[in-house]
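Me: I have a model open and want to go through some local geometry. Can you walk me through it?

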Amino acid sequence: MITFVPEPHLLDSPRGRDWPRVGAPVRPGTTPGNSADVVIVGAGPAGLAVASALWHHGVRDVVVLDRTGRPCGRFFDRIDRLGQRVLRSPYEHHPGVEGYRDCELLDFARLHWARLTRTERREIRMAQAGHRSVVPVDVFEAYCDHLVTSHHIAETTWQASVREVLPTADAVTVRADRFTVTARHAVLCLGEERSPAPDAWWGGGRPPAGVSFWDEPGPAGGPRQIVVGAGLTAAHLIADALRAGRRVHWVVRETAERYQCADVNSSFFRPEGRARFDGVDRAGRLELMRRHRRASIMFEFRPLLREAESDGRLVVHRGEAVKEIGDGVVCRLESGRVVEADTAVLALGTTPSSGAGLIPADLVGERDGWPDLDERTLRYTHAPRVSVVGAAAGLMLGPAARNIDGHRVATARVAASIAHGLRHGDVCGERVGA
């Protein structure tokens, strides 16, 4: 049997290249109007997909609200904080609209062939042949900019911190920090937030000096660092620390790391995989989500991490759980082992944002961490003028809901339902796609 081991150099691609633009976007004023057909909360890859789809459906009276004010701004800020240069999602997974002749990500990369490295060109050939390939972050960001410009999304995007989403039978009122917009429909593309550390680790509140989370600026580092977490984020943190010459202690709760191409089983990206998920009851879906949303790492990291472990630069504490983290970055493990370092970074996973805290709790209908949604339209069952695209739709679409490809599937349902409702005044979307 032949075992394929991807090469670590696939993780490296240039960042910050100059990409030609379709045209200069028209920047909006400081606030939108007080009414719209649709308000999209969140301008990450999911929000970008929804806005693009609505544009193709002829729905142009759209307001996009985002905490950074830049489409996909927070997404790329997080990626750059980790020093990430390639995406785990392959070329066929990208923001966009099913059934329309948009320029797709692979087409976009081929159009800019001269700007790509030899390795990046080889990955494109792999994608064309139907094989797994990695996508440079730089190419993906330029493609997102292309979508923003070609679908006029910058013209409808405003920076705002949304405080409340208040649905009624006839409208949805979205209250932000500086203004309020009333719309006929709203779509929540909230993504995921980092999971907090257990209170028992240091008594709750802010972590001790020298301890930080993966998505915030960390303290100045010394020669020793602890990384807690088992997923791709942890792998990037470790790689960054090794490049900086640090000795790393890696705390992994599982008895072994999990390496796989996608962060969920690839079968869930295909229609037959989604049908498998559709064919089970709620208890079965919860079990599938538990099993297939586990942390994993891209195969490309395996040679890098194993080499570092073999020469002593990386010490892996497998099957260990943190009991306490104290001042001076002293990490006590459940086994009784004590690990000391200069800094510690926590990569404890993420939690889907269900809408709780924005929409009244009785309308979210959250159970087991998942909102109560209509399976066909992804609208809240008790607030049918509000829809969800992203990780929070996981119990309807399966583990792939949190991925870019899952966003496309969700967007197709949501955009068609909203467009039909705007044309026919049918809130429940009984004839979606008619």
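Me: What kind of model is it, and what pLDDT do local features need?

Reply: It is a predicted model, where local features need pLDDT of at least 70, side-chain atom pairs count only at pLDDT 80 or more, and totals for chains, interfaces and linings use all residues. Residues are numbered from 1 along each chain as its sequence is written, and side-chain values use heavy atoms, with hydrogens and water left out.

Me: Start with α6. What span should its 12 residues have?

Reply: Helix α6 covers residues 232-243 and should span 16 Å at 1.5 Å a residue; its end C-alpha atoms are 17 Å apart, which agrees. The expected span is 1.5 Å times one less than the number of residues. Helices are DSSP runs of H or I with at least four residues, strands are runs of E with at least two, and both are numbered from the N terminus.

Me: How many of its residues are buried?

Reply: Nine of the 12, so α6 is mostly covered, with buried meaning under 20% relative accessible area, exposed over 50% and partly exposed in between (1.4 Å probe, protein chains only). Among the buried ones are L232, H236, L237 and I238.

Me: What do those buried residues pack against?

Reply: They pack against β11 (224-228), β12 (247-252), α9 (301-310), β13 (314-318) and β17 (343-346); contact here means heavy atoms within 4.5 Å. Just after α6, G245 takes a positive phi of about 85°.

Me: Which residue has a positive phi of about 60° although it is not a glycine?

Reply: That is H152, found in the loop between α5 (137-150) and β5 (157-159). H152 counts as partly exposed, at 37% relative accessibility. V329 also has a positive phi, of about 55°, and is not a glycine.

Me: Where does V329 lie, and is it buried or exposed?

Reply: V329 lies in the loop between β14 (322-326) and β15 (330-333). It is buried, with a relative accessible area of 3%.

Me: In which sense do β14 and β15 pair?

Reply: Antiparallel, over four bridges; two strands pair if DSSP finds at least two bridges between them. E324 has R332 in β15 as its bridge partner. This hairpin has three residues between the strands, and G328 takes a positive phi near 80°.

Me: What about β15 and β16, how many bridges there?

Reply: β15 and β16 (residues 338-340) are antiparallel over three bridges, and V330 has E340 in β16 as its bridge partner. They form a hairpin with four residues between them, and G336 in the turn has a positive phi of about 100°.

Me: Switching to rings. How many aromatic pairs are there?

Reply: Six. Rings of Phe, Tyr and Trp (its six-membered ring) pair if their centres lie within 6.5 Å; planes under 30 degrees apart count as stacked, over 60 as edge-to-face and the rest as tilted. The W19 and F108 rings have centres 6.3 Å apart and planes at 35°, so this pair is tilted. W19 lies in the segment before β1 (35-41) and F108 in helix α3 (residues 105-111), so the pair ties together parts 89 residues apart in sequence.

Me: Which cluster do ring pairs form?

Reply: Ring pairs link W19, F108 and Y143.

Me: Which charged end sits over the ring of F213?

Reply: That of R194, 4.1 Å from the ring centre. The criterion is NZ of Lys or CZ of Arg within 6 Å of the ring centre and within 35 degrees of the ring normal. R60 lies over the face of W55, at 4.3 Å from the ring centre.
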